[in-house]
Each structure stands twice: as C-alpha cells, then as structure tokens.
Amino acid sequence: MLAYRAGDADAFTTLYRRYRGSLYRYLAQQCGDPAVAEELYQEVWIKVVKARADYQPLARFSTWVFRIARHRLIDHYRKHSPQALAQLAPNADDQDQVDDLIACLPAPGHETPHALHERHHAAHRINMALAALPPAQREVFLLAEEGGLTLEEIAVATDSGRETTKSRLRYALTKLRHSLQDLL
C-alpha cells in the first residue's frame, strides 16, 4: 500500500490479487447475498483507492482492508435493515445461494459425479455450520480464516479486546468442530 500511495499503480494490482478472494468470501459469508457482497466488495476497493493519499501504516494492510469491509457491512445493514445487522447471517434455507457459492468453487475436471456430490454436501454443511454461529463468533472466525488476521489484528478490526476475540474464536472453533465432526 505504501508503494501504491507513492504512485506505483502495479502495487494496487498486487494488493488486489492478494486479497480479492479472501475479502469477497468474507463479505459473502457475512451477508449471505452474492449481489450485496459484490456491491460491498466494490465499495471496499473504491475506499482503498480514495484513501491512497492518506494511508498510514498503523497496522498490517490486511487488518486495515478487513476493517473497511466490516464497516461497509455495518453501514449497509444500518441503512437497509437494522434487524439484519444483528443477524449478519445467510439464510440457511436458501439452497440457491448455497448452490451459487458452490458453483464458484474450482474443481478439477477429472472428478467423478460422486466426488462432486460429496463436495456439494460438505460445502452445504460447512455453510450451515457457519450460519449457525452467533454473528460475533462467525465474524472473528472468518477474519482469522479468510483474512489471515492475528488475534490482535482482529481485536483492532472489531473494536474488541484481545481476550474477547480469543474467546469468540475458541467458541466458534468448538462449535464448528462439534457440528462438522463427521466430516473431519
């Protein structure tokens, strides 16, 4: 980001390539709507471009960009649905959204139909387990897994204490292991 701030356009391309997948997946898992996730995703990158001149490296870039993404989610739900802000969960009954997410996953061409069915089933189960987590736990888990953020960085991004973040992550992992124990 410092190189981009200094005028190196290729540095932006590098940042975009590095974070495009994890950032989009974070937004999609949090809001559960691919169209909304795409809109928020574009807004995050617009914010990055606009903030270029004022960027200060107070934390890792990943912490900064995922914090922007989290704030865009909050702003979206404040504007469109205060009730949805509390939930931040995909509709577990909406099989079309799950199917769209699974369709985006890359799969080798040599996989059998049975293997594809198993992957579909596992992805559905994982999405259901993620949707069943309390919003704060899901958010911390996704920031750790999709964003690659440390506990300290997650605490900064979510405006919570390190120990609170650690507890939320531990509870999320425990619940996911319990929900998905037959897949492990």
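Me: What should the 20 residues of helix α4 span at 1.5 Å a residue, and how far apart are the end C-alpha atoms?
Reply: Helix α4 (residues 61-80) should span 28 Å. The expected span is 1.5 Å times one less than the number of residues. Its end C-alpha atoms are 29 Å apart, which agrees. Helices here are DSSP runs (H or I, at least four residues), numbered from the N terminus.

Me: Where do these values come from?
Reply: This is a predicted model, where local features need pLDDT of at least 70, side-chain atom pairs count only at pLDDT 80 or more, and totals for chains, interfaces and linings use all residues. Residues are numbered from 1 along each chain as its sequence is written, and side-chain values use heavy atoms, with hydrogens and water left out.

Me: Which residues of α4 are buried?
Reply: Among them are Phe61, Val65, Phe66, Ile68, Arg70, Leu73 and Tyr77. Buried means under 20% relative accessible area, exposed over 50%, partly exposed in between (1.4 Å probe, protein chains only).

Me: New topic. Where does arginine 168 lie?
Reply: In helix α10 (residues 162-179). Arginine 168 counts as partly exposed because its relative accessibility is 28%.

Me: What is it in contact with, beyond four places in sequence?
Reply: Arginine 168 is in contact with Ala136, Gln137, Val140 and Ser160. Contact means heavy atoms within 4.5 Å. Glutamine 137 is 31 residues apart from arginine 168 in sequence, but 4.9 Å apart in space, C-alpha to C-alpha.

Me: And serine 160, buried or exposed?
Reply: Buried, at 18% relative accessibility. Serine 160 sits in the loop between α9 (151-158) and α10.

Me: Which residues does serine 160 contact, again leaving aside neighbours within four places?
Reply: Ala155, Thr165 and Arg168.

Methods
Helices (H or I, at least four residues) and strands (E, at least two) are DSSP runs, numbered from the N terminus.
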